Amino acid sequence: MRSLLIFEILALLFIHARADCPHERAGLKAWSQASTWGVNGAPQSGDSITITDKILMDVSPPPLYNISIKDGGMLTFSPEVDLTLKAANIYIQKHGSMLIGCGDCPYRGKLEIVLTGNRKSHVHETHPKAILVDEGGTLEIHGAPKLSWTKIDKTLNPERGYDGGNIFFNHQWENQYNSIEPLAPRIVAYTFGLNSTGYPFVKDFGLYEMSFRSDELVRHIGRVVDGDILMMAVQVQIRLRDPSVQSTGVYDAYETLVHGEVTGNSMLRSLQDDGSTWAFVYQKGNSKSLSEETNAFGTTSTARYVMSEDMIFTAETVGNLRKGLQQENFMISNRNALNPLVEAVDDVTTWQPGDQIVIASTDYDWEQAEERTIVFCPDCQKNQFRINEPVKFMHFGNVLYGAVDMRAEVGMLTKNVVISGEMEAECPEFNENCHDSKVRKLDTFGAHIKILQNYSNVHIGYAELINVGQQTDNGRYPVHFHMTFDKNPGARVPYLRGNSIHNTFARCVTIHGTHGVQVLDNFCYNHMGHGFFLEDGGEKNNVFDGNLAMSTRSGNGSLEPVDRFRPAGFWFTSPLNRFRNNVAAGGEGTGIWVVFPDEPLPPSRTYGLYDKFEARQTMLMEFDNNVGHSQGQFGIMIGNKETDERNVEHSNKWQPLVDPKDPTSSPIDIPISKLTGYKCRGTNIWIEGGYLNVSRISVSDSRNGIFVTNEGQQDRRSGRLSHAVILGDSENVGEPSIAGFERSFPLPWNEKFRVKPHSGITMWKGPTQYSDIWFNGFQSNNFYDIAAIAKRRNSPYFFSVTTPLKNLQFAFDDGEGQGNYAISGVNGVDPGWDSEKDGGKISGFTFYNSTSTQEEKLYIVKHDHFSAAAADCKVRPNWRLAICKTKYGNLRLSREFKNTKSNGIFVRDDLPSAQLELKLETRTGPPVVLDGSRTYTFHSVGQMPYKLRFTADGIETGDTLRIGVCTPIGAEVEIQSLIPRLSGKERLITRSRFTRVNSLGELDAPDADLDGKKYFMNDTTGMVYFKFVGNSDIDISTGETCGGGRCPDFRVIINSGDLSDGDCRQRLYGSSLNMAKPPLPTFSETIKANGGANPPEGYGAGITRPFVNRQNPVDGQYGQWTEWSQCSTTCDQGTRYRTRRCDSPLPANGGAECNGAHLESQTCNLEPCAIKGGFTDWSEWSACQAFDAGYCTGFSERSRSCSNPAARFGGLSCEGNTREIQRCTVC
């Protein structure tokens, strides 16, 4: 009794659960029933209808115009039939709902919603070609759960030679068999035999012109014997004579070979000379081997005989819509060559034969992404699938050193619920953008889904959106939450989950003036302009988690200027959102771009979502485990500022504060971790901000591995990079760009671009603190300079020699022809270093070298005589830098020269021929010795500024730096200085507050009371001299440039005088300006690797999928088994299969995959196949027998039997005579 009660309870629970499926709800009216529509009847083509009842669509209606659902109306769909709904617009209004499944009852039928019309037909509409969710409307789309994307777990390589072991013969690789007359109209034929080991070899080959030389093909066919495999295909097309004179010999021979007799109705006999393609494979004597196909001009025809999984014969005519370019190919291979096995990191049992997937590029060229179709694979494991053809490019599938995850992403395009736009065949002129090259002659007026304020509920999951978005007009994106602000109280959290959004004309997902939307696990592919898009910069509390953007294309710039020149897969403009586990896998511009406006852009600005400058004073809610690779410019960029014109300009000035609304509150650290970037043409990762604390970064293969810069905030704040793994040239070699070099180039187009240097850490401005970093892959090559550390190229800005690098670990040796820990170059001397800007003449950093007894500082500077001024400097030839032990800092001059267009020249007093000329358009200056052993002067060439301000960066207690500044003779000169002192700060605002001394010796002499307050002025030369003195030490942990946070300065102001007289070199140094420069000592010995073969634990971003930062794991469960498939054979024992999918639910958030088998097989059709009887050969003619004695005439006979083979198992007996008689003579 108790068991019965439990059963009844479970049954009731099951009924209750099923009752929530929208298509099973009570009170539904079937679309197909006449009573549903009343006296007006069912909607007709072109009608506009309003739905106020609960309607179940169970048939595909004719194309409609507007469908409005409101006032309690509901439209839902039957999963029992395949449905197509075409309409110009669907409006879901107050108390209206469109329900395609629900969260607990996914829709598992096939449904396509096509939004119709073009820009002209929709011209007067506000929301054209749209599914519009208005106030009070509900849109629920819940397709069959399907994994939206994964990563491969093993490298996929193209088939390029026999060494791979998968291809045994390829016509295109065999020059001796290639067509003698390429692109001539012919049939190409091969005959293959099998040797004693079963390996194929070519027995016969020929190219046959059908109109006049068809007899040669007849003879080729006649030479085929039992067991031979004949393969034929059309090259270009066949050429025939007039049917009245065209020989039929080939058709007769071909039909006799295959069917044993001339049938007169074969595929070849019907082939026309209009460019139709044709391919054929047949093993003589094996009727089951016959395979042939013909298609119209431009369409590929393929014939294939599977002798076994290890021996497959394929003939093909590859279609081409360009006349004369259709080409044949023949291949013998195993299954792996035809249908490569792909190994994934996830359970892919939801991916089914016929599904379309895209494999991301893992090279610099984002267009190496490849679309393929999944084919049936009875021997695949849960994480494996096969594709319909080989890949053309290598797709990397390894995690290098356990730290750099470069496994290619694979996105799933196919879903069972499809929303698409009906498109014109080419761009119509009324689109008004057809002549823009970015449009590529496409109609870009696609469909879109738009959600407006006060909607009731919106959830879109596991749907496919194609031909969506409008590049023609603003605000019409594939899925667009438009100024909805917060969701209504009581509404469930809106989400977009697991969708495939591809071939779009304007973005994929736009969140505009909207808060609290979850954007999870979506695949955005082949989209124009930014992909995932926060529009105005006022959006908050949204979650972007686990999304993949692939193949980001430029838009025409009409929606936003940046769309055209640097489109981003992810465009994030507001810090109060969560960004994790996202991947930007290939595109023309930037992968993931975090860029804030000073305040939200209109129309959001009027709603007070952020105060002015609040965004740049706010910490990101979360930015973790994001990846950018194969981008045309940047992989991940946190930098720049968005302008009111929706363009960008330099310097985000990002420094979060304790209270972002109070600019006087204290700054806080900016922790950013677990980012991966690789194979980007420009820079893998760029991060700018104040107190950056960047850690666990992995980068590889780029001209610039990573920038961490205090752009816009130098001298105030300094960031850090630590626990990173930085690779130069990795095992991911990509597709070689030129002969003689096994790797791809970031910029392969010509020699000028190919020689651009590569660096792992690219330093800029600073100081930035670098520590605990593991490097590998910076071995020298003959094409471009490469090093673990270098400065930014082509920059006018300074490079702080005080930038500290500590605990760096190199897994390779450094030396000439070996590898490079650091590198620099000289314009006009070293290829690739072609910048004439000031930054190209300045370089430096401080390397902390730990020994067994101490930690010494080594100062790395340029290898010219001005920079390498200290007596202990030694040039490292392969670095083109000098290593010095003497203390260095930077002498920087403010940017007063920017307006004068003149230059400044720094001179070494002890070697006046050692000079450094700079344009000084920015606040910059050279590295200088700080121990007093070297002194310097400064001169202006051309019109000097009336004011000069120098700072001594990096100066500490005990350090001194003397400089002399040339002023016009007889000028009225004022000087000023700010001196950080232990007891406070004293500003010397006039010359009268200084003490003038009478000589340089008196100036140089130590004086605790006057140091920093005295000067010497030489009225004869016009030189004013000042000595900087350090009064405090730098606390490296604070990121200070100088002790106390401010560097001492010295200002020279010319109140009157000839400003063109600012060059004192000749009157100061005279002939010493030509002093010979002595050779600089060198240090060339190999520096052995100090790092292990693998990075230490905790370095680098590590594996990026599966995600480890998600909560609430969900274990996967299998759904129901499918019905058994058709038997693989109609008789003689075949196999049939059934499958089940791990989708009830999908594994999520690190939950376990499904247990048990996903595929079962069983034998079927055990009855023997019917065997049609076949005649034996005719016997010899008998001896002639006279009809009667005395007659000379008689007869002879021959016979055959129906035993070759005998008819069996219901097969037809032979048709024809078994005995023949002919007249003969006996005398």
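Reader: How many helices and strands does the protein have?

Author: The model is a predicted one. Its C-alpha trace spans about 155 × 85 × 65 Å along the principal axes. The secondary structure of the protein comprises nine helices and 76 strands.

Reader: What percentage of the 1227 residues count as buried?

Author: The protein exposes about 49600 Å², of which carbon and sulfur atoms supply 48%. Among contacts between residues at least 6 apart in sequence, 70% join residues at least 24 apart. The buried share of the 1227 residues is 56%.

Reader: Are helices α2 and α3 roughly parallel or roughly antiparallel?

Author: Two packed helices are described by the angle between their axes and the distance between the axes. The axes of α2 (residues 214–222) and α3 (residues 249–259) come within 8 Å and cross at roughly 15°. Angles under 35 degrees count as roughly parallel, so α2 and α3 are roughly parallel.

Reader: What is the handedness of the crossing of α2 and α3, and how do the residues of the contact divide into nonpolar, polar and charged?

Author: α2 passes α3 in a left-handed crossing. From α2, the contact involves Ser 214, Leu 217, Val 218 and Ile 221, and from α3, Gly 249, Val 250, Ala 253, Tyr 254 and Leu 257. These residues divide into seven nonpolar, two polar and no charged.

Reader: Against which elements do the buried residues of α3 pack?

Author: The buried residues in α3 are Val 250, Tyr 251, Ala 253, Tyr 254, Glu 255, Leu 257 and Val 258. After α3 comes Gly 260, with a positive phi near 80°. The buried residues of the helix pack against α2, β15 (229–235), α4 (267–270), β16 (277–283) and β17 (291–295).

Reader: Is His 448 buried or exposed?

Author: His 448 lies in strand β29 (residues 448–451). Leaving aside neighbours within four places in sequence, its contacts include Leu 115, His 127, Ile 131, Arg 476 and Tyr 477. Its C-alpha is 5.4 Å from that of Gly 469, 21 residues away in sequence. Buried means under 20% relative accessible area, and His 448 has 1%, so this histidine is buried.

Reader: What is the C-alpha separation of Phe 532 and Val 479?

Author: Phe 532 is in strand β38 (residues 532–534) and counts as buried at 0% relative accessibility. Not counting residues up to four places away in sequence, Phe 532 touches Val 509, Cys 524, Phe 544, Phe 570 and Trp 571, among others. Phe 532 and Val 479 are 53 residues apart in sequence, and their C-alpha separation is 9.9 Å.

Reader: Which strand holds Phe 1026?

Author: Phe 1026 is buried, with a relative accessible area of 2%. Leaving aside neighbours within four places in sequence, the residues in contact with Phe 1026 include Leu 961, Ile 963, Phe 994, Leu 1003 and Phe 1050. Lys 1014, 12 residues away along the chain, has its C-alpha 6.9 Å from that of Phe 1026. The strand that holds Phe 1026 is β70 (residues 1023–1029).

Reader: Is Tyr 401 buried or partly exposed?

Author: Most residues other than glycine have a negative phi. Phi of Tyr 401, however, is positive, near 55°, and this tyrosine is found in the loop between β25 (399–400) and β26 (404–405). With a relative accessibility of 30%, Tyr 401 counts as partly exposed.

Reader: What is the phi of Asn 640?

Author: Asn 640 belongs to strand β46 (residues 634–642). Its relative accessibility is 11%, so Asn 640 counts as buried. Its phi is positive in a residue other than glycine, with a value near 70°.

Reader: Which residues does the cis peptide bond with omega of about 0° join?

Author: Most peptide bonds are trans. The bond from Ser 1144 to Pro 1145 is cis, with omega near 10°, and Pro 1145 is found in the loop between β72 (1134–1139) and β73 (1159–1164). Pro 1205 lies in the loop between β75 (1193–1199) and β76 (1219–1225). The cis bond with omega of about 0° joins Asn 1204 and Pro 1205.

How values were computed
Residues are numbered from 1 along each chain as its sequence is written. This is a predicted model: local features need pLDDT of at least 70, side-chain atom pairs count only at pLDDT 80 or more; totals for chains, interfaces and linings use all residues. Side-chain values use heavy atoms; hydrogens and water are left out. Axes are lines fitted to C-alpha atoms, for helices over the stretch in contact, and angles run from 0 to 180 degrees between N-to-C directions. Helices (H or I, at least four residues) and strands (E, at least two) are DSSP runs, numbered from the N terminus. Angles under 35 degrees count as roughly parallel, over 145 as roughly antiparallel, 65 to 115 as roughly perpendicular and the rest as oblique. A crossing is left-handed if the near helix is turned anticlockwise from the far one by less than a right angle, and right-handed if clockwise. Contact means heavy atoms within 4.5 Å. Ala, Val, Leu, Ile, Met, Phe, Trp, Tyr, Cys and Pro count as nonpolar, Asp, Glu, Lys and Arg as charged, and the others, Gly among them, as polar. Buried means under 20% relative accessible area, exposed over 50%, partly exposed in between (1.4 Å probe, protein chains only). Accessible areas come from the Shrake-Rupley method with a 1.4 Å probe; for residues, only the protein chains shown count as cover.
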